[in-house]
Amino acid sequence: MQTLSENKCFGGTQGVYSHASQATACEMTFGLFLPEEAANGPVPVLIYLSGLTCTHENALTKAGAQALAAEQGIAIVFPDTSPRGDDVADADGFDMGIAASFYVDATQDPWKKHYQMETYITRDLMTALADFPLDLDRVSIMGHSMGGHGALTLALKHPDMFRSVSAFSPICHPTGSDWGQRQFEAYLGGDASTWTAHDATLLMQTKGYDKPLLVDQGTDDQFYDKLNTGDFAAACAGAKADAQIRLQKGYDHSYFFISTFMADHVDFHAQALYA
């Protein structure tokens with residue numbers, strides 16, 4: 001573990017750290033906000049997964065989450081969105097390769113050597129977090145866009161790991177979207193039956209979900225047609241899930257939208273983490 005920076009923040013500490021990951025076969029970076037309560041013992045954890053083109057830094061500087069987490073005595077983790085390095089495979093465009101992992105464990109060349117992001121988030125990151133005063137039995141997860149897809153799918157696939165899940169503008173049904181089909185074929189291969197384990201709508205239809213779930217979607221989102229929020233809402237209704245799917249009139253896909261409703265999401269997770 002290397003400490004890249006630490007700054008006093010809302011009575012606690014905002015740090016940025018790097019560590020070696022076996023899953024991604026490279027150094028990974030994450031941000032971690034620790035509230036002042038962490039000085040007295042382990043605190044609950046909220047993981048925030050960012051979207052396409054982002055690093056660990058976007059939400060850390062734009063979402064306004066630290067003040068809200070400080071009020072609740074909750075730590076927030078900001079992982080990177082993909083492996084990085086000179087030998088890490090990449091592709092032209094912003095929606096595949098570096099900063100566009102879709103939080104899957106790739107099975108195809110040239111991606112499979114490094115793009116093992118599901119295992120990274122659920123295993124290697126958690127191992128790294130054990131070095132901090134965190135209660136890893138009380139963990140929730142959230143995300144935005146591609147990160148919202150990651151948060152939903154990881155929560156649905158690992159229901160015992162996370163106490164609650166929320167998302168802003170998530171890619172809800174990637175097997176039926178331009179944001180999913182091309183990437184899944186590259187990362188997971190041409191057999192579309194292997195994609196279903198990484199699609200929140202299909203997972204909800206087949207597995208259901210019995211933990212608290214919150215999704216906010218702006219009605220003026222410029223990518224609305226790629227996200228398929230309606231499909232996921234229908235799947236939640238069919239599964240009788242404890243889900244809130246909220247359409248926020250006039251909001252878009254940006255961090256202005258996220259920061260507007262971040263307090264709702266932190267409060268939502270605090271109720272689950274302290275239950």
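How many of the 13 residues of α3 are buried?

## Basis of the description

This is a predicted model, in which local features need pLDDT of at least 70 and side-chain atom pairs count only at pLDDT 80 or more, while totals for chains, interfaces and linings use all residues. Residues are numbered from 1 along each chain as its sequence is written, and side-chain values use heavy atoms, with hydrogens and water left out.

Ten of the 13 residues of α3 are buried, so the helix is mostly covered; here buried means under 20% relative accessible area, exposed means over 50%, and partly exposed lies in between, with a 1.4 Å probe and protein chains only. Helices (H or I, at least four residues) and strands (E, at least two) are DSSP runs, numbered from the N terminus. The buried positions of α3 are M117, E118, Y120, I121, T122, D124, L125, M126, A128 and L129.

The elements that cover these buried residues include the strands β2, β3, β4 (43–49), β5 and β6 (134–144), together with the helix α4. Helix α3 also has a kink of about 25°, centred on R123, where the bend at a residue is the angle between axes fitted to the seven residues ending there and the seven starting there.

K157 belongs to helix α4, which spans residues 146–157, and with a relative accessibility of 25% K157 counts as partly exposed. When neighbours within four places in sequence are left aside, K157 is in contact (heavy atoms within 4.5 Å) with E118, A197, H198, L203 and K207. A polar atom of the K157 side chain lies 3.5 Å from the backbone oxygen of A197. Between K157 and A200, which are 43 residues apart in sequence, the C-alpha to C-alpha distance is 9.2 Å.

T153 is also placed in helix α4, but T153 is buried, with a relative accessible area of 3%. Not counting residues up to four places away in sequence, T153 touches H198, D199, A200 and L203.

## Backbone geometry in the loops

Most residues other than glycine have a negative phi, and most peptide bonds are trans. Against that background, a cis peptide bond with omega of about 0° joins D109 and P110, and P110 lies in the loop between β5 (75–79) and α3 (117–129).

S169 sits in the loop between β7 (165–168) and α5 (178–188) and is buried, with a relative accessible area of 0%. K240 is found in the loop between α8 (229–239) and β9 (243–248), and at 77% relative accessibility K240 counts as exposed.

## Cysteines

With a disulfide taken as a pair of cysteine sulfur atoms within 2.5 Å, a search of the whole structure finds zero disulfides. C26 is in no disulfide, and the nearest cysteine sulfur, that of C54, is 18 Å away; C54 is likewise in no disulfide, and the nearest cysteine sulfur there, that of C172, is 17 Å away. C26 is buried, with a relative accessible area of 13%, and C54 is buried at 6%.

## Aromatic pairs

A pair of aromatic rings is described by the distance of the centres and the angle of the planes. Rings of Phe, Tyr and Trp (its six-membered ring) pair if their centres lie within 6.5 Å, and planes under 30 degrees apart count as stacked, over 60 as edge-to-face and the rest as tilted. By this rule the count comes to 15 aromatic pairs. In one of them, the rings of Y17 and F30 have centres 5.7 Å apart and planes at 40°, so the pair is tilted. This pair links distant parts of the chain, with Y17 in strand β2 (residues 12–21) and F30 in strand β3 (residues 26–34), 13 residues apart, and both Y17 and F30 are buried.

The rings of F102 and F184 have centres 6.1 Å apart and planes at 80°, so this pair is edge-to-face. Because F102 lies in the loop between β5 and α3 and F184 in helix α5, the pair ties together parts that are 82 residues apart in sequence. F102 is buried, with a relative accessible area of 0%, and F184 counts as buried at 0% relative accessibility. Elsewhere, ring pairs link F168, Y251, F257 and F261 into a cluster.

Definitions and conventions: Polar contact = N/O pair within 3.5 Å; in protein donor to acceptor, adjacent residues only side chain to side chain.
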